[in-house]
Amino acid sequence: MAHSNKYVEKEFEVVGTRFRRPDGIDKVTGRARYGADASAPGALVGRVLRSPHPHAEILKIDVKKAEKLDGVKAIVTCDDLPDQTNGDAGLAAILENCMARGRALYDGHAVAAVAAVDEQTARKALSLIVVKYKKLPHVTDVDEAMDPKAVVIHKNVFTRGVEPKPTKSSNVAARTQMGHGDIEEGFAEADFIVEKSYKTEQTHQGYIEPHACLASVSPDGTGELWVTTQGHFVFRNVCASLLGMDVAKLKVTSSEIGGGFGGKTHVWAEPIALALSRKANRPVKLVMSREEVFRASGPTSSTSIDVKLGAKKNGEITAGQVELRYQGGAFPGTWAMLGCMTAFACYDIKNQQSVGYDVIVNRPKVAAYRAPSAPMAAFAVESTLELLADEIGMSGIDLRLKNVAREGAKAPYGPIYGPIGIEAALKAVKDHPHMKAKLKKNQGRGIACGFWFNIGGQTCTDINIGVDGTVNLTLGTVDVGGSRASMSMIAAEELGIPYEQVKANIADTGSLGHNDMTEGSRGTFSSGMATIFAAREAIGVLKQRAAAMWGIPFEDVAWEKGQAVAIGKTHNNLPPLSLQEIAAKSGRTGGPIAGHNEVVADGAGMGFAAHICDVEVDKETGRSSIARYTVVQDAGKAIHPDYVEGQFQGGATQGIGWALNEEYIYGDDGRLQNAGFLDYRIPVCSDLPFIDTKILEIPNPNHPYGVRGVGETSIVPPLAAVGNAIANATGVRMTHAPMSPPRVLKALDAAS
Amino acid sequence: MSKSTLVSTSVNGDVVDFACPADETLMNSLRDRVGLTGVKEGCGTGDCGACSVTLDGRLVCSCLVLSVEADGKEVGTVEGLADGDKLHPLQEKFIDHAALQCGICTPGFLVAADALLKKNSNPTEEEIRYALAGNLCRCTGYDKIVRAVQAAAKDIRKAK
């Protein structure tokens with residue numbers, strides 16, 4: 001049965017309230033099982049040997065001594081992972097990233113792996129593997145890698161998106177261009193033109209739980225994988241492809257996940273664990289160390305960006321131009337394209353052009369990080385907007401409101417906006433008490449906007465009703481931040497029953513159809529939609545059973561407040577049948593009662609936010625502290641407001657960390673110098689004030705409850721909000737993030 | 001293979017003896033030998049606090065303690081926080097205030113917050129923030145965690 005995804009206004013009973021999450025007690029008692037918390041009889045310990053060189057030819061890997069060590073059960077190199085990618089370049093890059101194939105492409109690139117009876121033996125075995133390298137020239141900076149004189153990392157990469165096709169290979173994997181109008185005309189109309197260049201450093205998602213899995217592969221080609229992941233169905237497909245296994249024969253179970261933020265949408269060591277297990281014919285548990293997490297998983301791009309904006313005296317922006325250079329690590333990426341899509345998305349700029357370059361360097365393969373690529377573009381554009389506002393002599397907020405994108409405006413990447421929330425967010429910021437609060441000495445205030453498009457995708461959900469009328473909600477989208485609570489609330493809302501009557505489970509890949517990742521802020525949007533549809537299917541069955549129990553036509557049965565009611569005058573004397581009563585009789589009325597839904601959720605609602613930030617700058621040390629912070633964002637509909645606020649606060653904090661401290665530091669030797677939480681400093685509790693939030697609810701017309709994704713947009717504005725606040729506190733414009741104490745101090749010194 | 005040493009401890013009030021190599025951390029012994037996987041490894045270098053436990057009442061990162069150092073001492077983990085089926089006020093308030101998203105840092109925060117409240121049942125916001133500065137959370141921005149600790153402290157004071 002086809003269901004409509006169109007928004008219908010309704011009074012909610014359950015949705016919008018704040019229930020206790022169903023996994024709460026497990027998580028506060030230590031009972032919840034994460035990636036590293038599983039064990040299996042006879043399990044071995046897996047460890048990975050990694051290249052110390054940023055770029056080197058691997059001449060020989062000698063494992064003889066390691067193999068002879070007592071307790072070593074398997075050693076794998078790329079020879080144990082033959083290329084079965086059949087010309088799929090994306091998959092081949094994943095394979096090569098998991099295990100170097102003749103060449104180490106970055107400091108930390110996996111070269112070999114062992115499985116041994118215990119941790120100590122595994123570590124000893126790694127030290128006995130002798131790898132002969134021939135060092136090659138390397139490049140780790142995005143601008144240097146674009147220099148025609150730079151070492152070309154992949155000889156088979158020719159810049160895509162350029163006509164005619166280049167004859168020389170280069171580190172620029174792709175050029176993307178988008179926009180509309182005529183920027184030359186636009187700039188000609190401008191009374192003011194501002195240009196500025198920016199840099200942002202590479203940051204890591206910084207999930208507290210390292211990558212971890214327990215793999216078990218049998219000689220008959222079946223296998224199981226317990227893993228911390230944002231999407232176990234996708235992991236199954238990728239791992240099966242890389243290992244040459246049948247998809248249906250690899251059962252992947254998602255553990256509780258200790259943070260992902262995009263970093264757990266990609267496989268890293270999982271194929272290695274499977275290969276070790278296959279070779280040893282025993283289960284293998286592989287847990288990455290924090291150092292490995294930093295050196296070989298996750299990070300987002302470092303960037304270099306130029307922005308040019310032109311405006312009339314009245315504040316109307318006549319043209320916007322941006323060139324975005326994003327490094328994707330040692331493999332081709334599509335990160336600059338995402339920067340192009342988002343850079344000007346908050347504004348209705350008639351003449352605009354975004355050009356992006358995806359650049360290959362000797363750093364780890366870049367992974368998605370919460371609204372990937374958008375924060376850097378926003379840092380550049382939202383900082384330049386303040387410079388433009390200063391030139392024109394109007395406030396930053398009024399300049400933004402003058403040019404804000406409204407329904408009917410054209411997005412940089414083509415579509416026409418439906419109802420969107422950026423104008424409402426800016427107005428809420430303008431009216432917020434925070435904007436009127438008095439600043440203290442050395443404090444400054446900044447605002448910035450942010451956008452993320454959000455996605456939908458493949459989703460599959462089951463509802464099964466127990467004989468006692470309790471409801472199992474079986475989901476395939478991994479719960480990364482409380483979604484079992486919000487999905488249970490949606491099921492309860494649809495069925496008209498109490499929240500406590502629903503039990504949500506995340507199914508393994510053998511128990512449910514395919515679900516895409518929990519990424520792109522799609523979890524609540526997509527899985528929520530499938531839950532609504534599955535519940536409506538179940539209600540259809542419940543009504544049939546009630547009709548049968550009463551002996552009346554199906555059309556005469558309605559579902560109201562968790563019970564079947566007979567409608568029409570002829571059935572006046574029939575008392576309602578509750579879900580429990582119908583369920584209790586199900587064995588005699590047609591068997592189990594269930595509702596299923598498979599859907600490609602379409603029409604994700606765009607997410608817009610505006611943030612206010614107060615910083616206090618210590619001019620002696622250059623240290624900036626956040627004095628006050630407010631997030632305003634459109635959620636479409638907040639299913640569970642606590643967790644929506646949590647997304648706003650967490651995203652803002654990650655952005656603040658990026659703005660002030662976090663960065664990958666590479667030495668001239670191409671090695672990562674700060675692969676640990678001591679030197680890669682994420683915000684701690686004492687760094688921050690309470691993060692104030694305001695949820696706006698402008699319904700997404702393409703979701704029955706109006707839901708938009710909320711997970712990502714909140715990380716987009718903070719870099720610029722902090723930079724704008726520092727500029728107001730000090731009079732100095734920072735153009736390089738993070739705006740760490742040494743950088744701020746240098747800028748202050750240069751200005752004085 | 002490494003030679004093992006016998007360690008006799010009390011964990012959450014129960015006598016626990018185990019044998020482990022002399023260079024094994026308390027975190028690994030608690031997780032892999034005692035079976036208390038509520039002790040989480042986030043970094044292994046004492047920077048994230050996910051493996052926080054108490055040793056004779058003192059808050060430590062169990063990844064920085066060798067198991068042999070725990071010999072004859074009392075170890076407290078998140079698994080010992082609840083009183084039978086009655087959750088500790090901190091556990092209740094963490095759930096009520098949605099102070100966890102992914103939950104991986106939660107055991108460490110609870111153990112650290114409990115250590116704080118045992119010393120000071122009426123901490124200021126600043127005291128809470130500094131007491132918990134050794135515990136990293138990447139999901140929440142700490143807002144709801146601090147509020148949960150404030151609420152639990154209030155409950156604990158009321159119960160006294």
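Helices (H or I, at least four residues) and strands (E, at least two) are DSSP runs, numbered from the N terminus. The structure described here is a predicted model, in which local features need pLDDT of at least 70, side-chain atom pairs count only at pLDDT 80 or more, and totals for chains, interfaces and linings use all residues. Residues are numbered from 1 along each chain as its sequence is written, while chains are lettered from A and ligands numbered from 1 in the order in which they are written.

The model scores ipTM 0.98 and pTM 0.98. For chain B, the average pLDDT is 97, and 99% of the residues score at least 70. Here pLDDT is the predictor's confidence in each residue, from 0 to 100. Where pLDDT is low, the predicted coordinates should not be read in detail.

Chain A contains 21 helices and 27 strands. Its C-alpha atoms fill a box of roughly 85 × 75 × 55 Å along the principal axes. The radius of gyration of chain A is 27 Å, which agrees with the value near 27 Å for a compact globule of 752 residues. This radius is taken over C-alpha atoms, and the globule rule is 2.2 Å times the number of residues to the power 0.38. Of the 752 residues in chain A, 60% are buried. A residue is buried if 20 or more other C-beta atoms lie within 10 Å of its own, exposed if 12 or fewer, and partly exposed in between; C-beta atoms are placed from the backbone. Among contacts in chain A between residues at least 6 apart in sequence, 80% link residues at least 24 apart. Two residues are in contact if their C-beta atoms, placed from the backbone, lie within 7 Å.

One open sheet of chain A has 3 strands in the order β4-β2-β6, with antiparallel pairing. Its edge strands, β4 (103-104) and β6 (130-135), each pair on one side only. Two strands pair if DSSP finds at least two bridges between them. Strand β2 (residues 56-62) of chain A is joined to β6(A) by 6 bridges, and the two run antiparallel. A:Glu57 stands opposite A:Lys134 in β6(A).

Two cis peptide bonds can be described in chain A. One joins A:Glu163 and A:Pro164, with omega about -10°. A:Pro164 sits in the loop between α5 (142-146) and β7 (172-180) of chain A. Another runs from A:Ala737 to A:Pro738, with omega near 5°. A:Pro738 is placed in the loop between β27 (736-737) and α21 (741-751) of chain A.

The domain assignment divides out domain 1 (24-32 + 456-599) and domain 2 (422-452 + 605-752) of chain A. Such bounds come from an automatic or database domain assignment. The centres of domain 1 and domain 2 of chain A, taken over C-alpha atoms, are separated by 39 Å. Their contact takes 14 residues from domain 1 and 16 residues from domain 2 of chain A. On the side of domain 1 that touches domain 2, α15 (483-495) and α16 (523-550) of chain A each supply at least two residues. The largest share of that side, 5 residues, comes from α16(A). By class, that side of domain 1 has 6 nonpolar, 7 polar and 1 charged residues. Ala, Val, Leu, Ile, Met, Phe, Trp, Tyr, Cys and Pro count as nonpolar, Asp, Glu, Lys and Arg as charged, and the others, Gly among them, as polar.

Chain B has 5 helices and 5 strands. Along the sequence they follow the pattern β-β-α-β-β-β-α-α-α-α. The radius of gyration of chain B is 16 Å, close to the 15 Å that the globule rule gives for 160 residues, so chain B is as compact as a globular protein of that length. The C-alpha atoms of chain B fill a box of roughly 50 × 30 × 25 Å along the principal axes. Buried residues account for 58% of its 160 residues. Of the contacts in chain B with a separation of 6 or more, 57% involve residues 24 or more positions apart.

Positive phi values occur at B:Asp56, about 50°, and at B:Tyr142, near 70°. B:Asp56 lies in the loop between β3 (52-55) and β4 (58-61) of chain B. With 12 C-beta neighbours inside 10 Å, B:Asp56 counts as exposed. B:Tyr142 lies in the loop between α4 (125-131) and α5 (143-159) of chain B. B:Tyr142 is buried, with 30 other C-beta atoms within 10 Å.

Between the chains, 47 residues of chain A are in contact with 46 residues of chain B. On the chain A side, α1 (24-29), α4 (119-128) and α19 (641-660) each supply at least two residues. The largest share, 7 residues, comes from α19(A). The residues of this side divide into 19 nonpolar, 18 polar and 10 charged.
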